[in-house]
Amino acid sequence: MSVEQSIEAFRQDYQQLKAEIGKVIVGHEAIIDGTLSAIFAGGHVLLEGVPGLGKTLLVRTLSQALSLSFSRVQFTPDLMPADIVGTNLVVERSDGSKAFEFQHGPIFAHLILADEINRATPKTQSAMLEAMQERMVTAGGATRPLDQPFFVLATQNPIDQEGTYPLPEAQLDRFFFKLVVTYPTKEELKEVIRRTTEGFESSVAPILDGPTIQRYQELVRQVPVAEHVRDYAVRLILATHPDTENGAPISQQYLRFGSSPRGAQTLIVAAKVRALTDGRFNVSFEDIEACLLPALRHRLILNFEAEAEGMTTDQVLENILANTPREAVRAQAAPQATGS
Amino acid sequence: MQDRLFIEGRLRETARRMRLHAVWVAGWRAMLLGAGLWASTLVAYKLIPFSSHWLSLVAWFWGGLIFLSCLRRGLQPIPLESAARWLDRACKLKECLASALEVSETHRWSTPLWRDARGRLTGIQLDRVMPLTLPIQARYCLPWLLLAAILEWVPAYRSQAYLEEVADQQRIEVAGKKMIEFVRQERQELPPEATSGQESLDALQELGEQLAAGKLNRQQALKEVVSARERIEEASRAWREDPAISRLQQAAKSPLGMVNPSSSKQQNPLESALAAMESATDADPQAMKQLNDQLQSLADTMQQASQSQAGMDAATQQALGDQLSQLAEQAAALGLSSEALQQAMQHLAQAQPSQLLSDLKQAQLDLEKMLALSEALKDFQAQQAAAGQDLAEQLQRGQSLLAEARLQDMIRDLKAPTTDLARRQSILNELKQALQPAGDYGEVAKWLEKAMGELGNGQQLAASDSLEEAAAALESLTQQFEGMDAMMASLGMLGKAQMSLGNQMSWGQSSGPASGFSNGKLPGGGVGTWGQEGGDWAYRDPGARSTDNSGVTRPELEARGLTDRGEATLSEGLIPTQVRGNMQQGRPMASMAIKGLNLRGKSQVNFTEALEAAQSEAANALNQDRVPRAYQDTVRDYFSELE
């Protein structure tokens, strides 16, 4: 299959996927796009939103559409790492002998929904996050790879702060995107009510499968990025670093730490996905700008002043975006274009 | 690959257009900057007096700025990457072209990328995407240009003091240049040995250069001029007190001027030429003029008669014949050739009026030539009469040139081995007589006395050497006298400069002291009580001698004797009118008392000298055409009749 054909196939599958998910999930297009972008980029997503917004339904629908195995883990304070990765159990064989047998935990699925991940203890969180990073688990003295493709969609409740263990920055950094799930609009809510209270049932047909997803993941990596676009992404990342010569003034004022290089990688890969979904063969400035907030909002650490003033990372990133020119050195006396 | 080539071609085209656009904008930007600077400078110039050279400088800077800006932009190549990025931005291609340009041929996505880029490029029209319209700088440029255009019509404000200062500076520079030019012309004629004149010219040159440099203000320039004038006057006073110079001056003031020994040599050929003409040297010029007038009258009568339709009748012919014979007798009585008149009578008898007229004209021409030759010879004879006969007389009369020639003759004779005793004795006697008048000539007397002693002792050669020294000393004095002329002219130039700068007049308006020799001690030109301050020597009008009009042809000023221009007629404004007065007895006439100069006391001026000076001035005035033509004869006659 040629590149154009591959791209066209991807675009069509993507649109189809969205349409299929749209049969079940009303609205949340940005969340769906972000989630799918993360999936095709091979990353994990942190969904933040109040309860009842359809986060779990989204993940479930996604697993159906992608023909991927799905497991849901409800994180509670008493959840143990073994509850996630699995443990060795003594089992009786048919011959009556007893032996240890590893019982796979819920993590051994393609698509994991880690509900309220911030309610589990750091130890349990680390077991989960290790699996996310390494794509393997070590349990019972043995290292067991996880099935590919492997995605974790974690959720956390922004309003329930009591009895929670906020994810440390190092572990937040492992999430590809952090998507904020907002309330549905009026029309969306009406549609939700109609579908859920009027016996509306919809089935989601599988669109893609694991190997196809992996193939698409490889395709995404091949999208070329022009040098000045790459430079733009780098300058955006560097602008988030306080106490450096490239740091933006707002970063100097409100940030304690800026984005890591992983943020730059995320930005580029996510932009590539977006370019492909748009049917283009290259990454543009708009792709970078569209992916900036979900890619970096969870990677910046605000300082006390920002918290005191109620400044959010989204505000910081929007300011950086507005004040960072797309090209570092424009051509001298470049003519004002009148458009084609 | 073709897609790539197409993309690169279009990008090159875009780069060219971008460069053109950059040049366009750069030019307008420079135009704006220059217009602002020009208008600002113009405003400043209208209010503050500074040299207009700054305006020229700013104008040149403006032009140069536009040129260099355009050149700089034009020489800056625009890389294809920049063109690609610009086109992506302008046409919202989402970095398609830039990515296509960067991707290598081996990249798996190169082909679709290039194809996609080509497809997007195909529909793009560069002249619409990048039209060459007036940039925003042009809009801002317009008010400045308008302001500058309006200011061109606004007169500059300059204070009266500044204007005067500028005018003074110009006068100073003009005076300096005039001095330099004057010195240059004077040096062409003045011999280097005339130190008196050379030193004054050096001082004038130095002053002229100082003034022409334009670094002095009016006060300083006046001070320098006055200082130079005082120095030269001091020097001239010292020279004028020299008795030798006084003698030479006396000789120069005579109507015949400095008698040149060469003129005496011309006498013999002229005399012999005139002797060949039958006793024409003795003809009375007045009678010759009268005869000429009668001939003219006869020719006019003849002309009228021949032109009348009736022709010439017998009575007229007879009358003309009688007049002709009478004129021929008069010519014969004057000793003039009457051949032309005889021929005229023959042609009259043969009724050939044209030939008759021709003969009459020829007779007039002959008569005028004779008149001119007669007057020239009389001049020569007068010179010869005025020249001293020996060395003593020549020294007495200040005729240094003749005295030098006389000494040279003596030297030649003394050096010749064949000179006899009689000649040596006559030389000795002549030297004795010349000793006393030579006392006024500095070292000349000393050398003459030495020569006398040596000649008395029979040392001819030594005596000739001493006479050579005497001749050299005399020549030196003559040269210094010539230098005095230059010195006086320098003073005249300084006086004119002083008047120009002191009275703030232009050079042409300011006139120096009157030219020519005059006596007396009161200011003003002329003679008697109107004499020139400073003694005998008057300032020569600077530039009068330096005018060389030898190559100028002015047919309207040809001598009357050669062409017939008819009677001079006065213009109507000059014709005096006579009004019949109405005298009524008993009624007083209008009168006005005018104070005149007090002419009491004995005259301090010698009449003869005053007369000579007046005649000389009149001659100069006539020669320089300062007398109206209709009055020239009257003036000439008046002054020539004075005794």
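User: In chain A of this predicted model, what share of the contacts between residues at least 6 apart in sequence join residues at least 24 apart?

Analyst: The share is 76%. Two residues count as being in contact if their C-beta atoms, placed from the backbone, lie within 7 Å.

User: How many helices and strands does chain A have, and what percentage of its residues count as buried?

Analyst: Chain A has 14 helices and 11 strands. Of its 340 residues, 41% count as buried.

User: Why is helix 1 of chain B called roughly parallel to helix 7 of chain B?

Analyst: The two helices pack at an angle of about 25°, with their axes 8 Å apart. Angles under 35 degrees count as roughly parallel, so helix 1 of chain B is roughly parallel to helix 7 of chain B. The crossing is left-handed.

User: Which residues make this contact, and how do they divide into nonpolar, polar and charged?

Analyst: Among them are Trp28(B), Leu32(B) and Trp38(B) of helix 1 and Tyr140(B), Trp144(B) and Leu151(B) of helix 7. The residues of the contact divide into 17 nonpolar, 2 polar and 2 charged.

User: How many residues does each chain give to the contact between chain A and chain B?

Analyst: Chain B gives 33 residues and chain A gives 24 residues. On the side of chain B, helices that each supply at least two residues include helix 1 (2-47) and helix 5 (110-122). That side of chain B divides into 18 nonpolar, 6 polar and 9 charged residues.

Conventions:
Residues numbered from 1 in each chain as written. Chains lettered and ligands numbered in written order. Predicted model: local features only at pLDDT ≥ 70, side-chain atom pairs only at ≥ 80, totals over all residues. Helix = DSSP H or I, 4+ residues; strand = E, 2+ residues; numbered from the N terminus. Nonpolar A, V, L, I, M, F, W, Y, C, P; charged D, E, K, R; others polar. Buried ≥ 20, exposed ≤ 12 C-beta atoms within 10 Å, placed from the backbone. Axes fitted to C-alpha atoms, helices over the stretch in contact; angles between N-to-C directions. Parallel < 35°, antiparallel > 145°, perpendicular 65-115°, else oblique. Left-handed = near helix turned anticlockwise from the far one by under 90°.
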